[in-house]
Amino acid sequence: MQSLAQIENWPVPTAAAAVVRADGTLAGSHGPTGQRFPLASVTKSLAAYAVLVAYEEGAIDLDEPAGPEGATVRHLLAHSSGLAFDENRVMAAPGTRRIYSNAGFEVLGDHVAKATDIPFAEYLRQAVLEPLGMTATTLEGSPAKDGVSTVDDLVRFAAEVQAPRLLDARTVLDAMTVAFPGLTGILPGYGHQRPNDWGLGFEIRGAKTPHWTGAGSSPRTFGHFGQSGTFLWIDPDERAACVALADRAFGPWAIEAWPPFTDAVLAELRA
């Protein structure tokens, strides 16, 4: 795909990108797709998938208590538990605000580890990484932000989410559907969003503006971006997903570069 070559114009030392269709075929790739990059918050998508495997295995339930008083696993996955961004401090009642929370994902990791008697990083490896052949991916700390991976590995994950084998398709549909609709909140880097739609571990584009995806991205597009200069989006309407990893922290360069890049990818897919 010629559109992927746009990453050469990004003001970053190194970048790699790929597009994978819903049938698992690679539409194109560009750059060092085998190079390992810190994922930052793209880690949350992998962690959420492992939590959903734990749910399907019966180790946990999505609506069982977890985190602050009155919160559940579902609240934590959907950033609606009321926990603060980076500390275990309650800022709102569960289900009343969308407060993006690294702390919430750390609580989730501890919750699954306790329920399964397996450290969360190891559970993620056994439940998601190993079955998908993601041998270059590791979780080296917080399930909120300390994953390291390659474009090649994340292509495998994006193919899985589009045509699930590790989870029931209905569970993935739940994950990509707005949880606790209508909640407002701040999307990091993009300001206040009304509403600030999230599924279970995945951000949902909806009608958000501004946004890190493209103007042509469907409202059903879901995924995650990371402060390390990384993103993964899946557009169900286009039956394709895109991964891009870079080694420069998210900032104005990404806000400027990512949407036209996504629009060029979508235009090429549609052509």
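Reader: Which residues of helix H4 (residues 120-129) are buried?
Author: Keep in mind that this is a predicted model. Buried here means under 20% relative accessible area. Within H4, the residues that count as buried are Phe120, Tyr123, Leu124, Ala127, Val128 and Leu129.

Reader: Why do the buried residues of H4 line one face of the helix?
Author: Start with the helix itself: an α-helix has 3.6 residues a turn, so residues three or four places apart point the same way. Now look down the axis of H4: its buried residues line one face because they fall within an arc of 160°.

Reader: What covers the buried residues of H4?
Author: Look at what touches them, with contact meaning heavy atoms within 4.5 Å. The cover includes strand S4 (138-139), helix H1 (43-56), helix H3 (102-116) and helix H5 (151-162).

Reader: Which helix gives the largest share of the lining of the largest pocket?
Author: That pocket holds about 200 Å³ of space, and 15 residues line it. The largest share is 3 residues, and it comes from H6.

Reader: How many residues in that lining are nonpolar, and how many are charged?
Author: Nearest the pocket's centre lie Val161, Gln162, Met176, Phe222 and Pro236. Sorted by class, the lining has 1 polar residue, 3 charged and 11 nonpolar.

Reader: Which strands stand at the edges of the open sheet of 6 strands?
Author: Follow the order, S2-S1-S11-S10-S9-S8, where the pairing is antiparallel. The end strands have a single partner each, so one side of each is left without a neighbour in the sheet: they are strand S2 (26-30) and strand S8 (203-204).

Technical notes
Residues numbered from 1 in each chain as written. Predicted model: local features only at pLDDT ≥ 70, side-chain atom pairs only at ≥ 80, totals over all residues. Heavy atoms only, no water. Buried < 20%, exposed > 50% of the residue type's maximum accessible area, 1.4 Å probe, protein only. Helix = DSSP H or I, 4+ residues; strand = E, 2+ residues; numbered from the N terminus. Arc of directions from axis to C-beta. 1 Å grid on protein atoms, 1.4 Å probe; cavity = no way out; pocket = protein on both sides within 12 Å on 5 of 7 lines; lining within 4 Å. Points joined across faces, edges and corners; volume = space filled by probe spheres on them. Nonpolar A, V, L, I, M, F, W, Y, C, P; charged D, E, K, R; others polar. Pairing = 2+ DSSP bridges.
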